[in-house]
Amino acid sequence: MTAQQNKSPATLKLENEMAHCIGTEHYYKYYGKFLYTDGVKHFCENAEAYWFIDAVFSHLVRMPDDFYTITLKVNDDLTATLNIKGDTAKRTQPILFTDCPAGEWKFFYTNRVLMWKGEY
């Protein structure tokens with residue numbers, strides 16, 4: 001069985017939708033200091049994971065670097081791990097429960113903007 005066949009229908013659907021997020025037309029404000037893109041908004045709406053934005057920005061507000069790679073790894077048992085990694089700083093946060101489809105979801109942050117990997 002291939003890795004693609006092991007994925008849930010929800011994961012495959014979200015992966016397919018996110019593959020079309022290759023640029024942004026709008027930026028959305030997060031408490032006036034941060035911005036996020038159409039791709040991030042689409043992910044949060046369709047993964048039922050608006051908490052993701054809160055979690056990421058709650059870490060970034062205290063972190064010194066200008067560029068970060070952000071990975072949300074969701075396991076089949078609905079637990080997850082949020083990893084934020086910059087040049088000099090990194091954070092890891094366990095997520096005890098999420099409805100977000102299983103998989104590894106990758107984002108970037110630079111210039112006060114959180115974006116989906118296809119938008120970078």
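How far apart are the mean positions of the positive and negative charges of the chain? The 13 positive and 15 negative charges have mean positions 6 Å apart, with Lys and Arg counted as positive, Asp and Glu as negative, and His and the chain ends not counted. Each charge is placed at NZ of Lys, CZ of Arg, CG of Asp or CD of Glu. The model is a predicted one, in which local features need pLDDT of at least 70 and side-chain atom pairs count only at pLDDT 80 or more, while totals for chains, interfaces and linings use all residues. Residues are numbered from 1 along each chain as its sequence is written, and side-chain values use heavy atoms, with hydrogens and water left out.

Turning to the aromatic residues, the structure holds 17 aromatic pairs; rings of Phe, Tyr and Trp (its six-membered ring) pair if their centres lie within 6.5 Å, and planes under 30 degrees apart count as stacked, over 60 as edge-to-face and the rest as tilted. The rings of Tyr 30 and Tyr 31 are edge-to-face, because their centres lie 4.8 Å apart and their planes stand at 90 degrees. Tyr 30 is buried at 15% relative accessibility, whereas Tyr 31 is exposed at 74% (buried means under 20% relative accessible area, exposed over 50%, partly exposed in between, with a 1.4 Å probe and protein chains only). Ring pairs also link both tyrosines with Phe 34, Phe 57, Tyr 68 and Tyr 109 in a cluster.

A tilted pair joins Trp 105 and Trp 116, at 6.4 Å centre to centre and 45 degrees between the planes. Trp 105 is buried at 2% relative accessibility, and Trp 116 is buried at 6%.
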